[in-house]
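Please look through the sequence and the model below before reading on. The paragraphs that follow go from one whole chain to single residues of another.

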Amino acid sequence: MNSKTMGYILKRILLAVVTIWVVITVTFFVMHAVPGGPFASEKALDPAVEAALMEKFGLDKPVGEQYITYLKDIVTEFDFGPSLKKDGRMVIDIIGDGLKTSAVLGVWAAVIALIFGVVLGSVAALRRNKLIDRVIMVMTTAFVSMPSFIMGSLLLILFCMTLNLLPANGTTAAGLVLPIITLSLSPMSNITRLTRSSMLDVLGQDYIRTARAKGVSKTKIVFGHALKNALIPVITYFGPMLAYIVTGSLVVEQIFAVPGIGRAFVNSITNRDYPLIMGTTIVLAILIVVMNLISDILYKVVDPRINLE
Amino acid sequence: MKKFPLSLHLDTDAFLPASDKEKEYMVQMRPSTTFFKDGVRRLLKNKVATVSFFIIVFITLSCIILPVVWPYEYDDQLGISLGKPVDPSYANLAPFEYGATEQAKIDAGEKVFPHIFGTDSAGRDYFIRVVYGTRISLAVGFFASLIVLVIGMTVGSISGYCGGKVDIVIMRIVDVIYSLPDMLMVILLAAALKQSGLNEAIKGTVLEDIGSNIISLFIVFGLLYWVSMSRLIRGQILSLREQEYVLAARTSGAKGSRIIKKHLMPNCIGVVIVSTALQIPSAIFTESYLSFLGLGVNAPMPSLGSLASDALNGISSYSYRLIIPAIVISLIVLSLNLFGDGLRDAFDPKLNS
């Protein structure tokens with residue numbers, strides 16, 4: 001790794017840190033613009049919660065001081081204070097509980113999207129302009145144009161109501177199948193298109209012609225030469241894919257009643273549980289920013305030809 | 001005629017009047033084409049994009065015309081009439097069914113306009129609600145893209161023209177906004193604006209009809225989504241300024257206004273049109289997503305997202321109420337995307353190389 005790459009990585013890390021700071025600051029001040037502020041409730045609070053909030057953020061102090069306390073608690077202890085509505089539970093515990101379920105959902109969706117996307121994309125590229133290529137392209141175009149909540153609802157109607165194959169409730173393992181499929185279809189389509197175009201690009205390169213001229217078998221060309229290089233651009237999609245899965249999970253968990261972080265977030269908006277809204281936004285934002293950072297750095301490290309600017 | 005090499009004698013043949021055959025070379029075979037005409041010609045060749053365009057035009061026209069001629073209103077609760085008890089027979093009608101009083105009218109030989117998609121749980125004609133929802137979604141998509149275009153273009157061109165410190169500062173801000181997780185910020189802002197005093201602030205103005213949630217949606221778009229547009233335009237201006245043909249035009253004495261009009265604008269406008277067109281479906285996506293989470297339009301005004309969200313409650317008995325807005329929204333987004341792709345191929349000829 002040369003110094004230029006190191007410089008790039010440092011710059012990206014700095015940008016990520018600044019972004020996370022902006023997210024925390026924006027979240028805090030936007031929520032403070034709400035009448036009454038985020039730590040006030042329209043109903044009388046549970047005295048224990050109020051005392052904990054008082055002690056934690058010094059609610060009688062000026063906003064600036066509360067902000068410093070909030071920021072310090074996040075940076076040093078990853079602490080977002082107590083929830084307003086859930087009997088004095090800490091926000092970070094609620095998020096932790098939700099993340100366990102959501103992580104299962106997200107990881108499975110990402111893995112399925114990756115495997116199927118790469119396979120379908122390679123098949124489409126190798127059978128370019130044949131029937132199977134057309135079918136794959138039409139299918140992926142349709143999936144990309146469908147919002148996740150529509151996809152989820154349609155799958156719910158089809159598999160849970162018409163065919164009665166799967167449970168509509170996402171609390172069991174079988175119930176997670178549909179949410180996972182819903183979340184994976186759109187990223188899968190994007191990966192398919194990405195793989196197809198980069199595979200076509202790679203197949204036109206000189207080194208593929210050289211390999212063919214040497215008499216290398218077709219399987220070896222595809223798996224040994226082409227696929228390895230064609231997959232590099234797919235790395236850039238990791239960040240956006242996570243962002244899609246996170247935002248998608250907000251509605252998908254709602255539709256299938258999965259007890260994950262997305263549902264906690266949406267419920268906290270309806271309940272106006274402001275500390276929970278802030279905590280969830282910040283945690284999910286950090287997740288997305290870090291994933292973007294990793295995929296960007298990985299991309300530059302894997303392919304040294306790529307221009308760093 | 002033999003010519004002495006050093007003499008200044010001119011070749012008199014070159015001054016003879018042109019023959020008819022020579023004149024033919026100078027005749028214009030067809031009128032010279034403009035950039036716009038050329039793009040339209042390429043666009044019309046693309047069948048998928050043309051069909052998508054007609055679908056969009058058809059849907060847009062239906063949204064404008066149908067509410068005028070339709071006998072029902074989107075917020076008419078048909079079972080409720082002044083001074084009478086609520087008639088429950090109007091709620092949850094299946095397609096082409098009628099409520100009790102309407103049935104009586106039909107039996108008496110009168111004609112009653114059918115409820116093509118039935119009615120919803122509050123007894124409102126569902127077809128007209130879908131039409132209004134489509135209208136809201138399209139309008140939001142269009143105006144949000146317009147906002148993005150105006151802000152992005154202003155900031156981008158300022159950054160590109162000024163260069164130097166201004167450029168660096170603006171671009172660092174753009175970098176940070178660009179790396180923010182946009183959807184989370186949108187939800188956060190929409191949730192905060194929903195609770196803020198926006199409703200009171202716009203009371204009595206024209207804005208009240210639009211609803212505070214739509215306005216907060218526009219604010220959100222204005223705050224977050226302009227960054228990619230401004231990056232694009234800045235990049236365009238920076239690279240176009242350095243092009244050889246701009247230098248050539250300047251060398252041959254073209255004035256600044258002519259260079260901008262003849263060289264910079266046509267080369268920039270294609271990219272701008274395309275990315276604005278592709279912004280519309282993404283704005284529609286965002287609006288329907290927020291409406292689905294209950295952060296979109298104010299009730300009773302429907303949008304495609306809120307219709308789908310409402311339909312989720314009665315999904316087992318009335319699944320068609322979810323499928324209809326689902327099909328409409330997917331059709332709109334799909335055709336806008338395909339049309340946008342067609343536009344890009346037609347108006348961005350450099351992409352082909």
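Two residues are said to be in contact when heavy atoms of theirs lie within 4.5 Å. With that in mind, among the contacts in chain B that join residues at least 6 apart in sequence, 72% link residues that are at least 24 apart. The structure shown is a predicted model, which scores ipTM 0.81 and pTM 0.81.

Chain B holds 15 helices and zero strands. Its radius of gyration is 29 Å, well over the 20 Å that the globule rule gives for 353 residues, so chain B is more spread out than a compact globule. Taken along the principal axes, the box that its C-alpha atoms fill is roughly 115 × 55 × 35 Å.

As for the surface, 44% of the 353 residues of chain B count as buried, and the chain exposes about 19500 Å², of which carbon and sulfur atoms supply 65%.

Among the elements of the chain, helix 3 (residues 47–69) of chain B has the highest mean pLDDT, 91, whereas helix 9 (residues 207–210) of chain B has the lowest, 64. Where pLDDT is low, the predicted coordinates should not be read in detail.

A:Ser186 lies in helix 7 (residues 177–203) of chain A. Is A:Ser186 buried or exposed? Since buried means under 20% relative accessible area, A:Ser186 counts as buried because its relative accessible area is 6%. Leaving aside residues up to four places away in sequence, A:Ser186 touches A:Phe143, A:Met151, A:Tyr237 and A:Tyr244.

The second residue, A:Val63, has its place in helix 3 (residues 63–77) of chain A. The relative accessibility of A:Val63 is 37%, and so this residue counts as partly exposed. When residues up to four places away in sequence are not counted, A:Val63 touches A:Phe28, A:Phe29 and A:His32.

Technical notes
Residues numbered from 1 in each chain as written. Chains lettered and ligands numbered in written order. Predicted model: local features only at pLDDT ≥ 70, side-chain atom pairs only at ≥ 80, totals over all residues. Heavy atoms only, no water. Helix = DSSP H or I, 4+ residues; strand = E, 2+ residues; numbered from the N terminus. Rg over C-alpha atoms; globule rule 2.2 N^0.38 Å. Buried < 20%, exposed > 50% of the residue type's maximum accessible area, 1.4 Å probe, protein only. Areas by Shrake-Rupley, 256 points an atom, 1.4 Å probe, with all protein chains shown as cover. pLDDT = per-residue confidence, 0-100.
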